[in-house]
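Here is my note on the model, as numbered points. Please read it with the structure open.

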Amino acid sequence: MKSLLFSRFLLLLPWVLIVIIVLDIDSSRAPLPALSPRGGAEGGSGGARPPTPRRRPEAALPTIYAITPTYSRPVQKAELTRLANTFRQVSRLHWILVEDAAARSELVTRFVAGAGLPCTHLHVPTPRRYKRPGLPRATEQRNAGLAWLRQRHQHLPPPQPGVLFFADDDNTYSLELFQEMRTTRKVSVWPVGLVGGRRYERPVVENGKVVGWYTGWRADRPFAIDMAGFAVSLQVILSHPKAVFKRRGSQPGMQESDFLKQITTVEELEPKANNCTKVLVWHTRTEKVNLANEPKYHLDTVNIEV
Ligand code: UGA
Ligand code: MN
């Protein structure tokens, strides 16, 4: 009797082992990110299509909302392509693309449709009187992005965890930057490369707190930081419904301070990027393209979007 039981056990053992191994392989695969493009384009200012459901470990991640003002010019599609190539690699990123235009352009609409990431496409024109050198840019567009964000969360129960970031279309963003900003509790800050007439600007940190600014330009700014140097939690955006970018009295380089003053204090800032000692974003600016040989009238036999 005993030997019969034992031989049955020996017979079953390999099968049990195989099942265990298969189950194990399957569960170790689960956390890998999906390779296929996520989400889709969404036009209009209505509710965004939620990102494609992902596996559990990522579902807990706060969504990063990136507000990008953009305007029509020869390099626009190239800039947006670089940006989308970066953003597509970031989990749970929702792109709020705001065109500085009276209507959505065909170029950006087509681009958004093929971008392969969750995207909301808005537009608002900058009034003509503000389109002058020496005046701040993209005020209306960033405010449109803020308004969309607030409206979207107005009727939802306790806001989903989220982080807002202003991502100009010409800067260069490392993927590490998104890992850093994802843990923003209220307002987080970090260094920005190639800005302020120096190789970098950074918040000066002592004992984990921001105590000043390393900058070569207007050190008297209350927050001497570029737009690319901070992120704000969605909670803070919703609990300060009046915080917006202001045209009146605002000068270039002061928009960041004027905005941050409304929602936080220097003491409260959360330093990221190893206590603000690493540059993870660069304020790159694209050179104006040379179109000296571009014919006045269309000469080619085909019409090509560039
Ligand atoms: C610096 C800051 O990095 C910007 O965040 C700030 O808005 C700007 O100064 C300012 O002066 O207001 P800078 O590189 O000089 O940036 O500005 P741009 O990159 O030319 O413009 C910032 C954003 O606004 C870009 O995403 C750009 O596409 C957009 N923009 C610019 C418009 O939507 N409309 C415009 O007419 C110009
Ligand atoms: Mn720029």
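1. G193 stands opposite Y200 in β9. Strand β8 (residues 192-195) runs antiparallel to β9, and three bridges join them. Strands pair here if DSSP finds at least two bridges between them. Strands (E, at least two residues) and helices (H or I, at least four) are DSSP runs, numbered from the N terminus. β8 and β9 make a hairpin with two residues between the strands, and G196 there takes a positive phi near 65 degrees.

2. The model is predicted: local features need pLDDT of at least 70, side-chain atom pairs count only at pLDDT 80 or more, and totals for chains, interfaces and linings use all residues. Residues are numbered from 1 along each chain as its sequence is written, chains are lettered from A and ligands numbered from 1 in the order in which they are written, and side-chain values use heavy atoms, with hydrogens and water left out.

3. Strand β9 (residues 198-206) also pairs with strand β10 (residues 209-214), antiparallel, over five bridges. P203 has W213 of β10 as its bridge partner. E206 stands opposite K209. This hairpin too has two residues between its strands, and N207 in the turn has a positive phi of about 50 degrees.

4. How do α3 and α4 pack? Helix α3 (residues 76-87) and helix α4 (residues 106-113) lie at about 20 degrees, with axes 11 Å apart. Axes are lines fitted to C-alpha atoms over the stretch in contact, and angles run from 0 to 180 degrees between N-to-C directions. The two helices are therefore roughly parallel (angles under 35 degrees). Contact (heavy atoms within 4.5 Å) involves Q76, K77, L80, T81 and A84 of α3, and L107, V108 and F111 of α4.

5. D170 coordinates the manganese ion (ligand 2) through OD atoms, at 2.2 to 2.6 Å. D170 sits in the loop between β5 (162-166) and β6 (172-173). Donors are N, O and S atoms within 2.8 Å of the metal (3.2 Å for Na, K and Ca); water is not among the atoms, so sites may look incomplete.

Definitions and conventions. Parallel < 35°, antiparallel > 145°, perpendicular 65-115°, else oblique.
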